[in-house]
Amino acid sequence: MDTAIEEIDFLARSGHRVGVIEGLSEGPRESRELRAATGASSPTMSRILTDFEDRQWIIRDGPTYELTHLGEFVAERFLDLRDSMAVERKLRDVWQWLPREMEGFSADLFADAVVSHPGPKYPYEPVGRLTQLIKGTSQLRGFDSIVYKSINNETVCQAVIDGMELEYVYSPTALEGTVTWNPERVMEAAVRENCTVYVHDDLPDGNRCGLGIVDDRAGICCHDAETGALTAVIDTDVPEAREWAISTFERVRREAEPVGPQAFETLAPSDLLP
C-alpha cells in the first residue's frame, strides 16, 4: 500500500507529470507538443518521459510517445480520482444538505454545478441565484418542504402571472406558510391555468433540501434543518442531472395530492382573500 501511495504522490506532486499523462490519454504526442501543452522545459520533459518509460507507462516510436495499456490504466484511474476530488472540494461545504433519500442521486451528476453559498461579501447569494433561475425560465417544476423568502415567493407569483408554467409539490406546512405570506398574491397566481400545485406529507429529504427544474437546468435548494434558512443552491445544465431530477419529480408528483384554487381559502384568513 505504501508503494501505491508513493506512485500516486509521484504523479500528483508534479503538475507537469499530470499534464503529460493527461495529454497522452488523448492520443500519441511528440515531446515538443507535450512541452507546449505543459510549459515544461526540455530537460524536465526528458526526465518525465524517461520516468514514464521506466514504469512501462509509455512507449516511443521515433519522436512520438503513446500510452501502453498499463499507462492507459494508470491515466484513467488517476484522472478519475483527480476529477472526483475536484467535485468533492466543490461540494464539501454543502455536503451535509445534499439528498440522501432521493433515489439515484450522485455527486457525479453535479460535478459541473454552480454552487451558490453564502459568503462574507454576499450572504444572500443563494437567494439571488434562485431568483435568477426563476426569472429566466418558462417552466418550473419541483418540490420543497421549506417556505422560500418573500422575494422568491414574489418572483414565482409574478412569473406565473406572466405566463411561466408551474408544477410544484409542497409539504402541508410549506403550502400553508406560502399562502400566509400573501394570500391575495398567491391566489392571483394559483387560479391561473398554467399553475398546478400539489401537497405531499412526506417529501424525500424534507428537512434537508428540495428539488427544482427549470428550462435547461436542474437544481437542489439546501436548507438548514433547524432554521429552514436557504443555505445553498446547486444547479447544473448537465443532461443526466436534469433527467434524474425530472424522474425524481415525477415520482414525487404521482404520490402527491393536487390542490385546487378553492382549497387555498381554507389555508388563509377569508377576509384577506378576494
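The largest share of the lining of the largest cavity, 4 residues, is supplied by α7. This structure is a predicted model. A search through the whole of the structure turns up 2 cavities of 30 Å³ or more. Rolling a probe the size of a water molecule over the atoms shows where empty space is left.

**Largest cavity**

- The largest cavity holds about 180 Å³ of space.
- Its lining is made up of 17 residues, and those closest to the centre of the cavity are V156, C157, L166, Y170 and T178.
- Two or more lining residues come from each of these elements: α7 (150–161), β6 (165–170), α8 (172–181), α9 (183–190) and β7 (195–199).
- Sorted by class, the residues that line the largest cavity are 15 nonpolar and 2 polar, with no charged residues.

**Second largest cavity**

- In the second largest cavity there is about 140 Å³ of space.
- This cavity has 18 lining residues, and L130, L140, G212, I213 and C221 lie nearest its centre.
- At least two residues of the lining are supplied by each of α6 (125–135), β8 (209–213), β9 (218–223) and β10 (230–236).
- The strand β9 provides the largest share of the lining of the second largest cavity, with 4 residues.
- The lining of the second largest cavity counts 14 nonpolar, 2 polar and 2 charged residues.

**Largest pocket**

- The space in the largest pocket comes to about 180 Å³.
- Two elements, α1 (2–12) and α5 (69–91), are the ones that give two or more residues to the lining of this pocket.
- The residues that line the largest pocket are E7, I8, L11, W57, F73, V74, R77, F78 and L81.
- The helix α5 gives the most to the lining of the largest pocket, namely 5 residues.
- The lining of the largest pocket contains 7 nonpolar residues and 2 charged ones, but no polar residues.

**Points to keep in mind**

- Which element gives the most to the lining of the largest pocket? The answer is α5.

Note on methods. Residues are numbered from 1 along each chain as its sequence is written. This is a predicted model: local features need pLDDT of at least 70, side-chain atom pairs count only at pLDDT 80 or more; totals for chains, interfaces and linings use all residues. Side-chain values use heavy atoms; hydrogens and water are left out. On a 1 Å grid over the protein atoms alone, a cavity is a set of points where a 1.4 Å probe fits but cannot get out, and a pocket is an open set with protein on both sides within 12 Å along at least five of seven lines; lining residues have an atom within 4 Å of a point. Grid points are joined across faces, edges and corners, and a volume is the space filled by probe spheres set on the points. Ala, Val, Leu, Ile, Met, Phe, Trp, Tyr, Cys and Pro count as nonpolar, Asp, Glu, Lys and Arg as charged, and the others, Gly among them, as polar.
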